[in-house]
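Thanks for coming, everyone. Let me put the model up, and then we'll walk through it.

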Amino acid sequence: LMRSGVFDVVYINFNIGDDKALETVFPEAAALGMGIIGREAYMKGRLFSIAREMGLEDTALLARAALKWCYLDPALTQVVYGTGKLRNLRTAIDTISGSLTLTDEEEAVLERIRQNSGFAEFKEGKDRQFAGLVK
């Protein structure tokens, strides 16, 4: 579909646990001059439930880190962000208005999340889904 010439943007799930698009979709979109719009930066909220299960209480740090992580690849055009709370929207705006380089603290919190078994289970499921092995 990307090569059909009908579309000028790819709209795709993209987050630290659902990142297989980096291997194929992102390079292809860049080669075709297409934009990429990512969604579900917070893994449909699963990111925060994993954090709670781990006892990680600084969800603002985690939210900033996860949102910035999405922008690490320059092929990403935009992240669709949804929230029901104005304070969260303001925080997201502040995050993307500033430096999108991850701080050491932000990298550390993402690495801590990646070491969690719940995260590993989520990522494995998303990798299998991307490969077309499950729906």
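Is Leu 1 buried or exposed? Exposed, with a relative accessible area of 81%; buried means under 20%, exposed over 50%, partly exposed in between, with a 1.4 Å probe and protein chains only. Leu 1 sits in the segment before S1.

Some housekeeping. This is a predicted model: local features need pLDDT of at least 70, side-chain atom pairs count only at pLDDT 80 or more, and totals for chains, interfaces and linings use all residues. Residues are numbered from 1 along each chain as its sequence is written, and side-chain values use heavy atoms, leaving out hydrogens and water.

Now the inside. The largest nonpolar core has 37 residues. By core I mean buried Ala, Val, Leu, Ile, Met, Phe, Trp, Tyr and Cys residues joined through side-chain atoms within 4.5 Å. Helix H3 (59–70) is among the elements that each supply at least two core residues. H3 gives the most, eight. Helices here are DSSP runs of H or I, at least four residues; strands are E runs, at least two; both are numbered from the N terminus.

Next, the rings. The whole structure has four aromatic pairs. Rings of Phe, Tyr and Trp (its six-membered ring) pair if their centres lie within 6.5 Å; planes under 30 degrees apart are stacked, over 60 edge-to-face, the rest tilted. Phe 14 and Phe 26 are tilted, 4.7 Å centre to centre, with 40 degrees between the planes. Phe 14 is in the loop between S1 and H1 and Phe 26 in helix H1, so the pair ties together parts twelve residues apart in sequence. Phe 14 is buried at 2%. Ring pairs link Phe 14, Phe 26 and Trp 69 into a cluster.
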